[in-house]
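Here are my notes on the model you sent. Please read them with the structure open.

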Amino acid sequence: MASNISFNEKESLMSQTKPSLVDVLKSRLKSLKGEDLRKFATDPKNRKVVILAVVFLVMILLMLILVMARSIRKPPERGKETQFNSPTPITTPMPETLESRLKSLRDELNLGFEDRSLLPPQIEFDIEF
Amino acid sequence: MRSFAALITLTFVSFYLFFFVALPANSQDLNFQSAFENYLGARDSYNREYSEFQKARDFYLATKTLVQKENVRRETYEMLISRDDLMSAYLTAIWSRLYQTPGGGGNEKSDILSDLVGEIDWYKNHKSIYNQDLDTLETLFDKSKGAKKHHEETTSFYIYETLATIAFSKYRDTKTKFENIYQEVKSKTEGAEGNKKALYDRWIADIDRKFQEVTDIEVEIKEIIEEFRSDKRRNPDETYRRAIAKANEAKDAIVMIGGFLSELLVAVNSSNGQ
């Protein structure tokens, strides 16, 4: 008799009886209200919720570490100072005069247009002997 | 259980994509400083490997033993891998420098940037043709010839075209900044009358002539850089040298413009009582 049930019917029967993952998580989280955290975490029924929470916590921690690492490594933008580096609080920036702009441009010009540090490295392609 | 595993996998994949794929495209790849440091590291590594290769080669040539031949084979393999690494690191460094240099116009920069990406990929993929365990010394030499040919016929042109375009972009950026200052100083002379006006007009005419010189040289540099992609292309190093020589020629004129502008500014300020 059981063998006469088609695959689709089996699937629909199973879906009726088996609760979805979201339902499981919801019901588990509801049960947390009545229990203390240690009891909740050690209950085998809550294994999935605990694993998910741990994964999310690890990810958030990783994200924080990466964001902090990037902010430490990032050099301050030109014209901006970080609060840590400036000994005195920054008030309004000094307006750039035409004279100061001319001077900085002439200084820049003294460096020239060619960046010699970018010239190709010495590489040997004739290696046969 | 299957959907639970899928949820965990999805979480990991999305975090992986965010941190290791999306972030580098916005920060590391575009950061010249880190690309340049990476290049310096790759250069040191190549120099070390090349020196090891030379030592092994000299020892093999002196002894001619099978053991020493095997030793030189291993060192050759290591050196060839570090050579490809160095090339891709160097190309990445000049790619990011060009990307960050202001003063580019039209499609010039985007075309070169796109070609450089192709070159970087070429060297990254080329590494895999060497086989550490199966390639004989002679096979490694043969495979190395492919890299030499590609470097001579393609890479060196892209390298020097990039370097020339970086210098040219800086040239145009500097010129534009001087032009902006010039317009501001010139506007201050507009209220002048009589002898003052005649004096300012004479000085402005001199400055205009200098700017024209700089513009003429700019056209010449552009024509030289265009040779990299034309039928006239010859020795890329020599073409680059000519472009830089032209830019240096204009530098004197730009320095003079800076001096003239300072003089004009002092004159205008003193007559305005500033």
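This is a predicted model: local features need pLDDT of at least 70, side-chain atom pairs count only at pLDDT 80 or more; totals for chains, interfaces and linings use all residues.

1. The contact draws 38 residues from chain A and 67 residues from chain B.

2. About 4,900 Å² is buried between chain A and chain B, and carbon and sulfur atoms give 74% of that area. On the chain A side, A:Phe113, A:Phe125 and A:Phe129 lose the most area to chain B, together 18% of what that side buries.

3. Polar pairing is present too. The interface of chain A and chain B has 11 residue pairs in polar contact. Helix H4 (47-73) and helix H5 (98-110) of chain A each supply at least two residues of the side that touches chain B. H4(A) gives the largest share, 10 residues. By type, the side of chain A that touches chain B has 21 nonpolar, four polar and 13 charged residues.

4. Six salt bridges are counted between chain A and chain B. In one, B:Glu184 meets A:Arg101 at 3.0 Å, N to O.

5. A:Glu108 and B:Lys177 form a salt bridge at 3.7 Å, N to O. A:Glu108 lies in helix H5 of chain A and B:Lys177 in helix H5 (residues 137-188) of chain B, so this pair joins two chains. A:Glu108 is partly exposed at 31% relative accessible area; B:Lys177 is partly exposed at 32%.

6. B:Lys177 also forms a salt bridge with B:Asp173, with the closest N and O atoms 3.2 Å apart. Both lie in helix H5 of chain B, four residues apart, about one turn of the helix. B:Asp173 counts as buried, at 17% relative accessibility. Shared partners join A:Glu108, B:Asp173 and B:Lys177 into one salt-bridge network.

Methods. Residues are numbered from 1 along each chain as its sequence is written. Chains are lettered from A and ligands numbered from 1 in the order in which they are written. Side-chain values use heavy atoms; hydrogens and water are left out. Contact means heavy atoms within 4.5 Å. Buried area is the accessible area (1.4 Å probe) that two parts lose on being put together, summed over both. A salt bridge is a side-chain nitrogen of Lys or Arg within 4 Å of a carboxyl oxygen of Asp or Glu. A polar contact is a pair of N or O atoms within 3.5 Å; within protein, one must be able to donate a hydrogen and the other to accept it, and residues adjacent in sequence count only if both atoms are side-chain atoms. Ala, Val, Leu, Ile, Met, Phe, Trp, Tyr, Cys and Pro count as nonpolar, Asp, Glu, Lys and Arg as charged, and the others, Gly among them, as polar. Buried means under 20% relative accessible area, exposed over 50%, partly exposed in between (1.4 Å probe, protein chains only).
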